[in-house]
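Have a look at the model first, then read on.

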Amino acid sequence: MNSMTPRVSIILPNYNHEPFLRERLDSILSQTFADWELIVLDDKSHDKSLDIIREYAEREPRITRVIENEANSGSTFRQWEKGIKIARAPLIWIAESDDVAHPEFLAEAVAALDASPGTGIAFCNSQLIDSQSKALPLDLDRDDISEGGVTYHYAKDFISGKMLVNNRLYNASAVVFHRGLYDKVTTDLTRFRLCGDWVCWAQMIAASGSVAWMHRKLNSFRQHAAKVTSHAKKNGLEMMERAEAAEILIGLARPSWWKRNCMIGYNAVHAGKGAGYDLQTQLQILARWRDRFGSLLLPRLVFMLNAASKRLTGKKADPYS
């Protein structure tokens with residue numbers, strides 16, 4: 001093991017992502033910023049993931065640890081925590097094993113953080129790709145009106161403006177952060193299957209001075225049928241988890257009465273419409289939201305009035321505010 005402390009510790013949690021691992025690992029090895037260590041955690045995969053991981057570890061000295069779980073942990077956040085605890089670097093990149101990085105991702109993220117000492121988190125835009133690495137048409141960065149470069153945003157403003165309705169840091173692979181910020185996460189993330197990263201980033205941002213937004217698609221966010229998110233969205237778990245996440249986000253952002261009700265109403269309307277949910281699932285989702293926020297009638301009305309106002313004034317829809 002190299003005794004020198006690297007600038008970045010890359011945490012790669014993997015579970016049954018054999019089809020994507022070589023492309024992921026090659027994209028890490030191809031980074032133009034080379035001062036890193038890689039910690040790979042395999043969560044008891046049943047495919048040939050470990051064969052690939054061991055092959056790369058034998059020839060790449062910067063892969064400093066390969067941790068093979070004897071039993072599946074049941075939570076990617078347990079893997080995050082395990083990796084961060086043994087990381088040696090001051091900066092952390094959680095590189096999900098099914099995503100792909102642009103060669104300049106780390107260089108630009110580190111430069112953005114170095115340029116602003118009070119900034120704790122840097123993230124970039126992402127290109128969605130399918131299981132064959134082909135670009136998908138959906139653009140989750142359609143709110144970005146910048147012409148490029150890096151912009152810096154005060155933590156509270158960013159949470160209120162870009163984290164309250166949906167998770168703007170929607171893919172961990174697009175984020176680099178100061179290691180100490182993870183200690184500021186006070187919620188047990190293992191309670192979540194889908195929304196834990198939303199809560200995690202929000203609490204870390206709240207503890208940071210500002211956020212650096214890199215306005216380039218330096219990350220490829222893979223969509224495929226085996227993703228946990230795909231199953232969680234279909235069975236309604238996402239919408240039920242969002243109720244707890246929303247309560248935490250509201251506590252951090254302290255939004256106005258109008259914005260608070262818009263946010264709750266947005267979720268109530270979308271749950272009511274359903275996303276292929278059966279009636280029983282819709283009722284369970286709405287019950288979870290009522291348990292936390294009371295009657296949803298007023299929030300629905302506020303949200304619909306707000307949406308109508310935006311349409312009348314020609315404002316572009318922003319999925320994050």
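Before the numbers, a word on terms: a cavity here is a set of grid points where a 1.4 Å probe fits but cannot get out. Keep in mind that this is a predicted model.

With that in hand, the structure holds 1 cavity of 30 Å³ or more. How much space lies in the largest cavity? About 30 Å³. Its lining is made up of Phe123, Cys124, Ser126, Arg168, Leu169, Tyr170, Asn171 and Ala174. Sorted by class, that lining comes out as 5 nonpolar, 2 polar and 1 charged residues.

## The second largest pocket

Now for an open space: the second largest pocket has about 370 Å³ in it. The elements giving two or more residues to its lining are α9 and α11. In total, 17 residues line this pocket, and Phe303, Asn306, Lys310, Asp318 and Ser321 are the ones nearest its centre. The lining splits into 10 nonpolar, 2 polar and 5 charged residues.

## The nonpolar patch

The members are Trp257, Trp258, Leu298, Leu301 and Leu305, and together they have about 520 Å² of accessible area. Which helix gives the most? That's α11, with 3 residues.

Take Leu305, which sits in α11. Is Leu305 buried, partly exposed or exposed? Its relative accessibility is 48%, so Leu305 counts as partly exposed, since the exposed class needs over 50%.

Conventions
Residues are numbered from 1 along each chain as its sequence is written. This is a predicted model: local features need pLDDT of at least 70, side-chain atom pairs count only at pLDDT 80 or more; totals for chains, interfaces and linings use all residues. Side-chain values use heavy atoms; hydrogens and water are left out. Patches are made of residues with over 30% relative accessible area and no salt bridge: like charges are joined within 9 Å, nonpolar side chains (Val, Leu, Ile, Met, Phe, Trp, Tyr) within 5 Å. Accessible areas come from the Shrake-Rupley method with a 1.4 Å probe; for residues, only the protein chains shown count as cover. A salt bridge is a side-chain nitrogen of Lys or Arg within 4 Å of a carboxyl oxygen of Asp or Glu. Helices (H or I, at least four residues) and strands (E, at least two) are DSSP runs, numbered from the N terminus. Buried means under 20% relative accessible area, exposed over 50%, partly exposed in between (1.4 Å probe, protein chains only). On a 1 Å grid over the protein atoms alone, a cavity is a set of points where a 1.4 Å probe fits but cannot get out, and a pocket is an open set with protein on both sides within 12 Å along at least five of seven lines; lining residues have an atom within 4 Å of a point. Grid points are joined across faces, edges and corners, and a volume is the space filled by probe spheres set on the points. Ala, Val, Leu, Ile, Met, Phe, Trp, Tyr, Cys and Pro count as nonpolar, Asp, Glu, Lys and Arg as charged, and the others, Gly among them, as polar.
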